[in-house]
Amino acid sequence: EVRGYIADILEAVERSGTITRQLLGFARKFEVKIQEVKLNEVISDVLVFHKKEAGYRNIKVYVDVPEDMPPIETDRGKLQQILVNLVNNAFQAVDNGCILDIKASPVEADKVRICISDNGCGMPEDNLPKIFEPFFTTKEGNKGTGLGLAITYGLVKKLQGDISVKSKLDEGTTFTITLPARIREEIIENEGSIGR
């Protein structure tokens, strides 16, 4: 009987692993479509989805993108999904009447930085190294799957960028994304040739 339980557990673990690989691998399966993107426009598009909730919950959203900031060359859809995930995450972490700041700025000559900050519940410092791991969640009950930030991490890497997080319990969280101003197409081609 015990062996039967063990076999069932192992089978469930294998199914879970397969599902996880499929979910996290979706970003690698889709081609990167490079186009000229204006960050202020993408951010505005993302915030349209949250306008009603922000108004209902009295969440103040501030956007700071320099007017003269040049467009970048990246995948608009993937960048939009990254921002949607992070803004969703922030809205779940803040109470009514809180603040969300979104800032973008050039970094050096060939990179841009996007910071998404909230003054919500924050996270304990010992959680931060695990925040991008699959199935890790700080949300109580059944509110989180632990896949949103893991998928976001994969998308950022697909755009040849980096993502980091700073947080303090009961004070808030800041996610920082650094992206190249122009994706290097030779890297995409090399990635696409792997496993063929």
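Trainee: Which residues in α5 are buried?

Mentor: In α5, L149, A150, I151, T152, L155, V156 and K158 are buried. Buried means under 20% relative accessible area, exposed over 50%, and partly exposed in between, with a 1.4 Å probe and protein chains only. Helices (H or I, at least four residues) and strands (E, at least two) are DSSP runs, numbered from the N terminus. The model is predicted: local features need pLDDT of at least 70, side-chain atom pairs count only at pLDDT 80 or more, and totals for chains, interfaces and linings use all residues. Residues are numbered from 1 along each chain as its sequence is written, and side-chain values use heavy atoms, with hydrogens and water left out.

Trainee: Why is Y153 called partly exposed?

Mentor: Its relative accessible area is 33%. That lies between 20% and 50%, so Y153 is partly exposed.

Trainee: What makes F132 buried?

Mentor: F132 has a relative accessible area of 18%. That is under 20%, so F132 counts as buried. F175 is buried too.

Trainee: Why is the pair of F132 and Y153 called tilted?

Mentor: Rings of Phe, Tyr and Trp (its six-membered ring) pair if their centres lie within 6.5 Å; planes under 30 degrees apart count as stacked, over 60 as edge-to-face and the rest as tilted. Here the centres are 5.4 Å apart and the planes stand at 35 degrees, so the pair is tilted. F132 lies in the loop between β5 (111-118) and α5 (148-158), and Y153 in helix α5, so the pair ties together parts 21 residues apart in sequence.

Trainee: What makes the pair of F132 and F175 edge-to-face?

Mentor: The angle between the planes is 65 degrees, and the distance is 6.3 Å centre to centre. The angle is over 60, so the pair is edge-to-face. F175 lies in strand β7 (residues 172-180), so this pair ties together parts 43 residues apart in sequence. F132, Y153 and F175 form one aromatic cluster.

Trainee: Why is α2 called oblique to α4?

Mentor: Helix α2 (residues 39-48) and helix α4 (residues 76-93) pack at about 50 degrees, with their axes 10 Å apart. Axes are lines fitted to C-alpha atoms, for helices over the stretch in contact, and angles run from 0 to 180 degrees between N-to-C directions. Under 35 degrees is roughly parallel, over 145 roughly antiparallel, 65 to 115 roughly perpendicular, and the rest oblique. So α2 is oblique to α4.
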